[in-house]
Amino acid sequence: MREFWQELKSFFRKGDMVLLILCLATSAFGCLVVASATSAVKFGGSTRYIVIQMGTTLIGVLMFMIMSSIDTDIFAEKRTAFTIVNIFLLLLLIPFGTDNNTGNRSWIPIPIINIHVQPAEICKILYILIMASIMSSHQNRLSRPGPVFHMFIHFLLLAGGNYLISKDLGVTLIFAAIFIGMFIAGGVRMLWTLGFAGTLAVISPIIWEKVFSEEQRNRILVLIIPEIIDPTGLDERWHTTQSLLSLTGGGMLGQGLFNGYRTQRGDLFAQHTDYIFSTIGEELGYVGCLIVIILMLAIIGRCVWVGTQTKDYMRRMVCFGAAFALMFQVMINIGMCLGVMPVIGLTLPLISYGGSSIITTYALLGLVSGVHARPSPRSHERYIRAPL
């Protein structure tokens with residue numbers, strides 16, 4: 001505990017200030033857009049959204065500092081505990097889970113403060129730490145069957161459990177992106193990746209028919225055969241059509257904050273969460289969209305850069321895992337607004353409204369900052385007694 005307080009006190013000297021500044025710039029941009037998106041008539045003039053957005057950003061910064069001050073080696077020793085916590089969090093969805101108007105039973109309401117928490121966001125961080133710990137402990141024999149199936153069982157337990165309980169395909173795919181990304185970046189032989197891909201291809205008809213719901217299948221098929229799935233354009237294609245109209249309606253510089261035609265009329269579905277990129281396109285134009293993309297790429301690139309600067313395998317995998325999680329979420333969210341990705345309910349990190357998402361994203365990036373602060377292992381120091 002004494003070491004933690006010492007690290008916390010030296011945060012502004014040792015932590016990754018570049019990453020924190022990038023996060024704060026992105027959050028500030030997000031707060032402006034959320035304030036504009038929630039000023040529409042359908043929100044009733046409520047300032048609740050922007051207050052929560054700003055409040056959770058402050059909590060997120062605190063979590064960034066806390067996670068940055070904890071030695072990564074400590075997390076490596078808690079793999080079993082993290083697995084138990086993940087299972088417990090997912091099981092909480094059975095008695096307490098609600099869809100929070102998203103269609104997925106992936107939220108737990110907190111009645112006292114009238115907010116909803118998504119346990120899978122916490123599971124995402126713990127899963128990256130679990131994967132990094134497993135891969136680190138087997139790094140010299142990573143491509144052998146034992147370690148490979150060890151990693152796969154953890155993925156199946158978390159991703160499968162999350163989907164079976166919540167039916168949240170978006171978060172489940174984030175777990176898959178983390179697994180695949182870390183699996184390849186960690187140095188596992190490509191033969192295993194090809195083997196998993198082949199197996200998935202073989203069982204994909206079963207997954208398509210028995211696992212995916214009709215609504216989920218239609219959301220994918222509408223990208224391929226839109227006229228057949230939604231001939232009227234009023235069902236699966238409706239939200240995407242409105243999104244594209246908003247996204248392209250702003251031109252180069254946009255119609256101005258608090259002045260977007262469709263946004264302020266409330267025509268755009270989930271304009272402060274899933275489709276906030278379309279809100280940005282309408283009100284801030286292509287320039288605003290480009291700023292968001294640059295900020296996101298800078299954060300992801302910083303995670304990769306920090307990972308490449310450390311010689312410690314586990315620390316590198318933590319940074320790469322964070323980068324893959326963010327990259328996949330950004331890619332799906334923007335692609336969804338552009339109508340080239342299925343609508344699976346993934347928000348834009350640090351930009352979209354969402355308390356638990358903001359806090360956990362800052363916490364995840366705090367782990368990367370911790371690697372920047374302590375690029376080499378220090379675990380041996382805890383077992384050396386101080387001289388009397």
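This is a predicted model: local features need pLDDT of at least 70, side-chain atom pairs count only at pLDDT 80 or more; totals for chains, interfaces and linings use all residues.

Visitor: What is the phi of Phe-258?

Guide: Most residues other than glycine have a negative phi. Phe-258 is not a glycine, yet its phi is positive, at about 65 degrees.

Visitor: Is Phe-258 buried, partly exposed or exposed?

Guide: Buried means under 20% relative accessible area and exposed means over 50%. Phe-258 has a relative accessible area of 43%, so the class for Phe-258 is partly exposed.

Visitor: And Ala-270, is it buried or exposed?

Guide: Ala-270 sits in the loop between H15 and helix H16 (276-309), and its phi is also positive, near 50 degrees. Its relative accessible area is 12%. The cut-off for buried is under 20%, so Ala-270 is buried.

Visitor: Which element gives the largest share of the lining of the second largest pocket?

Guide: This pocket holds about 1,100 Å³ of space. Of its 29 lining residues, those closest to the centre are Phe-155, Ala-176, Leu-200, Ile-203 and Ile-207. Helix H9 (145-166), helix H10 (169-185) and helix H11 (190-211) each give two or more residues to the lining. The largest share, eleven residues, comes from H11.

Visitor: How many residues of that lining are charged?

Guide: The lining of the second largest pocket has 24 nonpolar residues and five polar ones.

Technical notes:
Residues are numbered from 1 along each chain as its sequence is written. Side-chain values use heavy atoms; hydrogens and water are left out. On a 1 Å grid over the protein atoms alone, a cavity is a set of points where a 1.4 Å probe fits but cannot get out, and a pocket is an open set with protein on both sides within 12 Å along at least five of seven lines; lining residues have an atom within 4 Å of a point. Grid points are joined across faces, edges and corners, and a volume is the space filled by probe spheres set on the points. Helices (H or I, at least four residues) and strands (E, at least two) are DSSP runs, numbered from the N terminus. Ala, Val, Leu, Ile, Met, Phe, Trp, Tyr, Cys and Pro count as nonpolar, Asp, Glu, Lys and Arg as charged, and the others, Gly among them, as polar. Buried means under 20% relative accessible area, exposed over 50%, partly exposed in between (1.4 Å probe, protein chains only).
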